[in-house]
Amino acid sequence: MPHHAEHSRGIHIHPSILSADFARLAEELARIRNADAVHVDVMDNHFVPNLTLGLPVVQAIRRATELPLDVHLMIQDADRWAPDYAEAGAESVTFHAEAAGAPIRLARELRSHGAKAGMALKPATAVEPYLDMLEELDLLLLMTVEPGFGGQPFLDVVLPKIRRAREALDGSGVPVALQVDGGVTRDTIMRAAEAGADVFVAGSAVYGAEDPEAAIDELRSAPLR
């Protein structure tokens, strides 16, 4: 049985505002109205070697757009801080498996706040230890670059992991979105979609384009050609 879930589930594009002009955030959000959600990277300069934005900016983004917020927490002590982002109105909050002491409890807490629960894995983190907790999640994010900075090239070494995750999801029947983040372009989105991913974070591929909404449409249709 083919695992081409992208045809039945659709391709979802979540532009990353990490690549946007932070001084003009409201305008930048208005340039991606056809996106499926806004991907918001929160980095603490500890879990990853970069510092981006925190809760006050997420609250400001929430006021500035009606698009769903897909918050990706690249922070230590996710158990303590992640629920605050659900309370701030993020539709989806993703914590890193490597930064969570009690991932199942945290996923349940996020859901209890009305948010979707996402869990992210760095490129070298195996997916197998987490397959038994898939039903606790709404989204599984497999990083296709080492987290911390935008504009990095896509790591094809992650493709077999995407395939294994897709097989596990299809086998379990649990409706978990399979997201990839890092180096997503018109070329790499085809490889990642073929491997089974259905939600794609794109930074420079969207905000580096003259017309971000046209770039979103191109990314969305690329795997279906």
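User: In which helix is Asp79 found?

Analyst: This is a predicted model, where local features need pLDDT of at least 70, side-chain atom pairs count only at pLDDT 80 or more, and totals for chains, interfaces and linings use all residues. Residues are numbered from 1 along each chain as its sequence is written, and side-chain values use heavy atoms, leaving out hydrogens and water. Helices are DSSP runs of H or I with at least four residues, strands are runs of E with at least two, and both are numbered from the N terminus. Asp79 is found in helix α4.

User: Which side chain of opposite charge is nearest to Asp79, and how far away is it?

Analyst: Asp79 is buried, that is, under 20% relative accessible area, with exposed over 50% and partly exposed in between (1.4 Å probe, protein chains only). Lys and Arg count as positive and Asp and Glu as negative, while His and the chain ends are not counted. A salt bridge needs a side-chain nitrogen of Lys or Arg within 4 Å of a carboxyl oxygen of Asp or Glu. Asp79 has none, and the nearest side chain of opposite charge is Arg105, at 4.6 Å.

User: Asp77 has a positive phi although it is not a glycine; what is its relative accessible area?

Analyst: The phi of Asp77 is about 55 degrees. Asp77 lies in the loop between β3 (69-74) and α4 (78-87). Asp77 is partly exposed, with a relative accessible area of 39%.

User: Which residue follows α6?

Analyst: Helix α6 covers residues 159-172. The residue after α6 has a positive phi, near 75 degrees, and is Gly173.

Terms used: The expected span of a helix is 1.5 Å times one less than its number of residues.
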